[in-house]
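Reader: Could you walk me through this model before I set anything up? I'd like to begin with the ligand and then go on to the aromatic rings.

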Amino acid sequence: MKSNYSRRRFLGLSALGTASIFGLSTINLLTGCIDEELFENPNENTNSDHFKAIVVGTGYGGAVSALRLGEAKINTLMIEMGQLWDTPGDDGKVFCKINAPDKRAMWFKNKTELPLSSFLWININRNIESYAGVLDRLNYNNMSVYVGRGVGGGSLVNGAIAMTPPRSYFEEVFPEVDAGAMYGTYYPRANQMLGVDVIPSNLLENSSYYRFTRVSRKQAHRSGFKTQLVPNAYDFNYMQQEEAGTVEKSAYDNEVIYGNNAGKKSLDKTYIADALGTGYVTLKVLHKVSRITQKENGVYELLVVEINAEGNVVGEHTFTCDHLVLAGGTMGTSSLLIKAKAKGELPNLNNEIGKNWGPNGNIMTARANHVWNPTGKKQSTIAVMAINDWDNPAHPVIAEVSPLPMGIESWISLYLAITKSPERGYFNYDPSKDEAILNWGANQSEPSVAAVKNMMDKINRKEFTTYRYDLFEDKKAFADYFTYHPLGGCVLGKATDLYGRVEGYQNLYVNDGSLIPGSIGANPFVTITALAERNIENIIKNDILI
Ligand code: FAE
């Protein structure tokens, strides 16, 4: 089993490498020029527009779906609107650093849109060239949503925190899903496939790059809070070498939200490489699905716009399939479905489409420490610890101790909090823009702010410290207007059955973060991966291999 996987991964990585050298927008083992004899069944229909299955999106849900479909020898097309991030730029690097952004940073923006937009009230965003960069920020009234763009989706830009939620909360969110199977089979499978690990104690306790974590831990304990290590999909063996100074630094050198040039086990290095290595999966990049319809014979038809990295349209294609898996992420999938419903292109979708959206209760906040309590000039971008007050009945919070790698001493303790808020938003279709719009009320973040304030006020009182008001928009102490963790819009058991089969349609599935109703009590990608494993296993067995 293991050697089969490593062989597949080698083949898949070779195909991705070849595609990047030749700038190909269609990638599989054949276009990767790999000797057909090396694998059992090469892609049969590279030149055809009909596939047994199509997967839209290459984030966690899409990557899992494609691998398992490929393993089942089902000819599958993956479609991704972003780039394959494999080709070094003029500086010899694939990705740019947070403190030196260029066109690679953001998806068609003229200026960076950082979560911490200012320092000492001075705007720190920089002008950049508009380009198919790796991080996108979708801006709506009262809420902005960060997402990854490229082969690997959010895994390219995220902090790789790989947290399994408390089982009791999972059961509250998904009372109809068998938690025994999730915690006995699918979470362990997801963690193993994603390469999840915890930081070795020598780095946590001794590295100058983790001083910020130790400071926050000490203060949390002094205020009576528990802390916990949070697992991560960053390669800690690589980090040991960064610490030793024997490799090029990545987490230790300001790389994360615009991509990591090393260390991070993003999906293009795991699930997607394995999927391509099966020989049954073809990947198209810089292809955006713009419209989905169903023909009378039940076949799904996708209108797909191909662009180049400068944003010019270079082609329009139609692909068809028998089985369609939507995995464009919460924002991508909800948007496709809400548009299809509003325009009558998939008229049987039910009224749950576009509902139950939430930001996972995300709030970012920062405290100002005293000058005798420095948090470190050098900080690793990989967060490894959280203050856990989730069992607080009035104000449940998990506050992750986040890095602020500014290259100067800032005395700042920064936190990304996950809270349990009942507030939910919804999408509607705006015909004037031909877009799905997220609706989130001005007051809907208040319960989350109250919960985080309860925790941080306690720490501030104990430490005689205060909040920073110079880092976020509108001089806010609590950034309640953006999220890294959009969830919902096509919820399991409401818009779909309990395995992601879309109500009203046969052979149409959702398998990504939009299945989770707005909150999961942990950073979401391990849950998205585990649920996707569970759902696609059931779908392949009962719908496709029959
Ligand atoms: P996602 O990963 O968003 O993938 C969807 C893919 O579909 C993207 O590549 C899109 O470009 C593509 N797509 C969308 N629409 C279309 C279309 N019409 N046609 C073709 N392609 C399309 O979906 N989560 C954690 O658990 N731990 C963390 O540490 C963490 N940190 C984060 C930090 C940042 C800055 C961000 C942005 C997110 C972070 N997240 C974190 C969230 C996590 O990355 C996110 O929940 C998952 O990536 C969502 O997975 P999905 O499979 O739902």
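Author: What follows goes through the ligand, the aromatic pairs and a few single residues of this predicted model.

Reader: How many residues surround the ligand, and which are the closest?

Author: The ligand is surrounded by 38 residues, and the closest are E80, G154, I161, G513 and F525.

Reader: How much of the ligand does the protein bury?

Author: The protein buries 95% of the 1000 Å² that the ligand exposes when taken alone.

Reader: Switching to rings, how many aromatic pairs are there?

Author: The count comes to 16 aromatic pairs. One of them joins Y169 and W390, whose ring centres are 5.2 Å apart and whose planes stand at 75°, and because an angle over 60 degrees counts as edge-to-face, that is the class of this pair.

Reader: Where in the chain do those two sit, and are they buried or exposed?

Author: Y169 belongs to helix α3 (residues 167-173), whereas W390 is in the loop between β14 (385-389) and β15 (397-402), so the pair links distant parts of the chain, 221 residues apart. Y169 and W390 are both buried.

Reader: What about Y183 and Y187, how are their rings arranged?

Author: Y183 and Y187 form a tilted pair, with 4.7 Å from centre to centre and 50° between the planes. Both residues lie in helix α4 (residues 179-194), four residues apart, which is about one turn of the helix. Y187 has a relative accessible area of 2%, so it is buried.

Reader: Which residues do ring pairs link into a cluster?

Author: That cluster is made of Y146, Y481, F482 and Y484. T483 is placed in strand β21 (residues 482-483), and T483 is buried because its relative accessible area is 0%. A polar atom in the side chain of T483 lies 2.8 Å from the backbone nitrogen of H485.

Reader: Which charged residues lie over rings, and at what distance from the ring centre?

Author: The charged end of K103 sits over the ring of Y131, 4.3 Å from the ring centre, and R149 lies over the face of W107 at 5.9 Å from the centre of that ring.

Reader: For my backbone check, which residues have a positive phi although they are not glycines?

Author: L286 has a positive phi of about 55°, and N356 has one of about 60°. L286 is in the loop between β9 (281-284) and β10, and at 11% relative accessibility it counts as buried. N356 is found in the loop between α9 and β13 (363-368).

Note on methods. Residues are numbered from 1 along each chain as its sequence is written. This is a predicted model: local features need pLDDT of at least 70, side-chain atom pairs count only at pLDDT 80 or more; totals for chains, interfaces and linings use all residues. Side-chain values use heavy atoms; hydrogens and water are left out. A residue is near a molecule or strand if one of its heavy atoms lies within 4 Å of it. Accessible areas come from the Shrake-Rupley method with a 1.4 Å probe; for residues, only the protein chains shown count as cover. Rings of Phe, Tyr and Trp (its six-membered ring) pair if their centres lie within 6.5 Å; planes under 30 degrees apart count as stacked, over 60 as edge-to-face and the rest as tilted. Buried means under 20% relative accessible area, exposed over 50%, partly exposed in between (1.4 Å probe, protein chains only). A charge sits over a ring if NZ of Lys or CZ of Arg is within 6 Å of the ring centre and within 35 degrees of the ring normal. A polar contact is a pair of N or O atoms within 3.5 Å; within protein, one must be able to donate a hydrogen and the other to accept it, and residues adjacent in sequence count only if both atoms are side-chain atoms.
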